[in-house]
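Have the model open and try each task before reading on.

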Amino acid sequence: MPREFKRILSPTDFSPDSLRALEYARRFGEISQGLVIVPHVIHVSTEELYDEHGRWRSFQELEQGARQKLAEIREQIFAGYPQAEFLLLVGNPFEEIMRLAQERNVDLLVICTHGRSGFEHLLIGSTAEKLIRHAPCPVFVVRRGTT
């Protein structure tokens, strides 16, 4: 018997692909009348402390920006859907998403791929790939550029 998806976890990094994955997560939530948990993990690295113009940003600026983007997602993607929870976490994205999936006994993980390749992929792998291999539940993967 197929499992019901009453607790759906769909992390976002605010990329267009992850926003598309959130649309799928909402659809799964509507079908099962389940809770959709939307975390964003701030992984503080040297790269993240600088904006696109090379200006330094404080952790408070990162946090404030992430909270604003989560609020926009609530308004744009989850408007009219009350069973959504938005979280801001700090740490390693893979570790935080896995911890949350286990603590919340998640039924489905909805993620996107980012198509990382080459030397960087060889060294660290992708968060999506690690989640697919280690998730405690089924994983629905939205490929880059799909609708």
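**Exercise 1.** Find which residue in S2 is the bridge partner of Leu9.

*Solution.* Start at Leu9: its bridge partner in S2 is Ile37. Elements here are DSSP runs numbered from the N terminus, with helices (H or I) of at least four residues and strands (E) of at least two. Next, follow the chain: it goes from S1 through H1 to S2, a right-handed β-α-β crossover (with the strands pointing away from the viewer, the path from the first strand over the helix to the second runs clockwise). S1 and S2 run parallel and are joined by three bridges; strands count as paired if DSSP finds at least two bridges between them.

A word on the model: it is predicted, with local features needing pLDDT of at least 70 and side-chain atom pairs pLDDT 80 or more, while totals for chains, interfaces and linings use all residues. Residues are numbered from 1 along each chain as its sequence is written, and side-chain values use heavy atoms, leaving out hydrogens and water.

**Exercise 2.** Work out the strand order of the sheet, and which strands stand at its edges.

*Solution.* First, look on S4 for another bridge partner of Leu9: Leu109. Two bridges join S1 (residues 7-9) to S4 (residues 108-112), and these strands run parallel. Then turn to S3, where Ala84 is the bridge partner of Val36; seven bridges join S2 to S3, again in parallel. Put together, the five strands form an open, parallel sheet in the order S3-S2-S1-S4-S5. S3 (84-90) and S5 (139-142) are at the edges with a single partner strand each, so one side of each has no neighbour in the sheet.

**Exercise 3.** Explain why S2 is largely enclosed by the rest of the structure.

*Solution.* Count the buried residues (under 20% relative accessible area, 1.4 Å probe, protein chains only). Seven of the eight residues of S2 are buried, so the strand is largely enclosed. Helix H1 (residues 16-32) lies across S1, S2 (35-42), S4 and S5.

**Exercise 4.** Describe how H3 packs with H5.

*Solution.* Begin with the geometry: H3 (residues 93-103) and H5 pack at about 35°, their axes 10 Å apart (axes are lines fitted to C-alpha atoms, for helices over the stretch in contact, and angles run from 0 to 180 degrees between N-to-C directions). Then list the contact residues (heavy atoms within 4.5 Å): Pro93, Phe94, Ile97 and Met98 of H3, and Thr127, Lys130, Leu131 and His134 of H5.

Notes:
Buried means under 20% relative accessible area, exposed over 50%, partly exposed in between (1.4 Å probe, protein chains only).
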